[in-house]
Amino acid sequence: MNERPQTPLLDQVNVPQDLRGLKVDQLRQLCDELRAETISAVGVTGGHLGSGLGVVELTAAIHYVFNTPDDRLIWDVGHQCYPHKILTGRRDRIRTLRMGGGLSGFTKRAESEYDPFGAAHSSTSISAALGFAIANKLSGAPGKAIAVIGDGAMSAGMAYEAMNNAAEAGNRLVVILNDNDMSIAPPVGGLSHYLARLVSSDKYLSVRHLAQKFARKLPRPLHKAARKAEEYTRGMVTGGTLFEELGFYYVGPVDGHDIEGLVQILENVRDADLGPMLVHVVTKKGKGYGPAEAAADKYHGVQKFDVISGEQAKAPAGPPSYTNVFAKALVAEAERDEKVVAITAAMPSGTGLDKFVDRFPDRMFDVGIAEQHAVTFAAGLAAQGHRPFVAIYSTFLQRAYDQVVHDVAIQNLPVRFAMDRAGLVGADGCTHAGSFDLAYLCTLPNMVVMAAADEAELTHMVHTMALHDSSPSAVRYPRGNGTGVAIPATPQRLEIGKGRIVREGKKIAILSLGTRLEEALKAADTLDGKGLSTTVADLRFAKPLDEDLIRKLLSTHEVAVTIEEAAIGGFGAHVLTLASDAGLTDAGLKIRTLRLPDIFQDQDKPEKQYEEAGLDAAAIVDTVLKALRHNSTGIAESARA
């Protein structure tokens, strides 16, 4: 068991006001204790570690210099906010991170006044901070807005849209670029090279009005100028850097682990009459914890681990994850067809495409945190005869909905969408749950939407998509491990819009979409035991629906129940519409739809989340019995008795 570290100075700090009572020369010890407490807490809970370790000094310096919470501190994404939570009155609960009823793994407005803006998707911080800053300006209220954004998040267009609009905020807005040269995956694209040139040059301060004020405060050069680009040198002379062209006063790069230097520079930034300011802070992800510094991903996301050794708890051996099944299936399709290419938005390992790039480095494209670009880029590839697979988490594909509609569906281009993390996702909570993709995709003409019930089905569906050139298509599958079914060596090409009967019955029909099939079969066992003969169908396709199969089931059974791991407006809604249009409910059919509740569910273990959502076998049985009891006194027992 991990022992808690000795933290005598940190023990005196409950909120930032306490922190501001310390002397500057005490902050180094405070940061060392804060780093140790963060490591200890995440060792117990698991979660995001490397990113938080990299901003320990920055977190302390911001809260020391600025008057939070009146000055609004907004963390981009929020996975680096654990030290922030410790310093803002939540240390007593920090070992409940990402657990049911515990602290969120991200910033959350409902959790603390020190979290003025919730986040878990990247690149929103500057826009939100600008909103706070302009609101204060309009009302004449004091207070600054500070956005902390990583170099990886700066690859998203939204960050530039915000910066292009930021000049109106003046000195009320401070943007801190946390440049650790290490987002979840290595940063890609022109901006990362631009930042690398900044870091490798001599220390730089804008030649504009603040040069004299800041020059004496800057630390020694972070690195010797190993690669001084001629065009950048010219930009230094004219002040023509990218950020200055967008209207910011640029300060940096500065050492993000020199706490005293950070405090001095941030005090100058705070007190400056001009703005908005962009402070370029260079940090090291995983800083101060050897195993994290040595790891390729800098311990971005970890299981529970032993603090001394850094060894992470291993999940018990079991079936492969759906992510790995998808990756293996896609590699097999690419082996067969050289036109198959893969695209991801800064999540190669999260989507399994790190395995694809190992085999086909020239056919995998990581476009950075730029989902909109990813989708339209894929549309261009498809229009030119390639077969692109866009692997993006369901929750992140929401960011590219206009591109899915306008650039893919309207033009009927055969882009293939692989939507990982469909349904509920456990510890990451509602921000990462894939709740809405059925609702937002099944409304689109031309779209084919599939949901895999198990690993074998996912393999078949990847193969089906690879061969389907007549329209866009999508497959959804959950986070976590599969069921353990055998994966076919030779996948089948599924007939578009055709489901399958898994179990034959006469009185009750359960129409399942996705991985709730296992629960549907358990429910059928229980119902059969009560004398209620039950059919279970795996519909496979949410669009187009298997109308023949649905008509048959709804016209020959007394009760029909649909079940899906998605919000209202998805599979069940489309079945109801079909039933209504075809008059299938006119003769007394009892039809019920089970789907995610109309709430944003907080983090918990997935099985508890699904129980809470009413999407387990017991809930299916209960729904059937209540439907029968409505007009039948013959069934009186409760499924949960």
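Tutor: Strand β7, residues 277-282, is mostly covered, with 6 of its 6 residues buried (buried means under 20% relative accessible area, exposed over 50% and partly exposed in between, with a 1.4 Å probe and protein chains only). Strands here are DSSP runs of E with at least two residues, helices are runs of H or I with at least four residues, and both are numbered from the N terminus. The model is predicted, so local features need pLDDT of at least 70 and side-chain atom pairs count only at pLDDT 80 or more, while totals for chains, interfaces and linings use all residues. Residues are numbered from 1 along each chain as its sequence is written, and side-chain values use heavy atoms, with hydrogens and water left out.

In a regular strand, side chains alternate between the two faces of the sheet. In β7 both faces are covered: Met 277, Val 279 and Val 281 are buried on one side, and Leu 278, His 280 and Val 282 are buried on the other.

β7 pairs with two strands. Strand β4 (residues 173-179) runs parallel to β7 and is joined to it by 6 bridges; two strands pair if DSSP finds at least two bridges between them. In this pairing, Met 277 of β7 has Val 174 opposite it. Strand β6 (residues 249-255) is also parallel to β7, through 5 bridges, and Tyr 250 has Leu 278 of β7 as its bridge partner.

Helix α12 (residues 259-271) forms a right-handed β-α-β unit with β6 and β7. Right-handed means that, with the strands pointing away from the viewer, the path from the first strand over the helix to the second runs clockwise.
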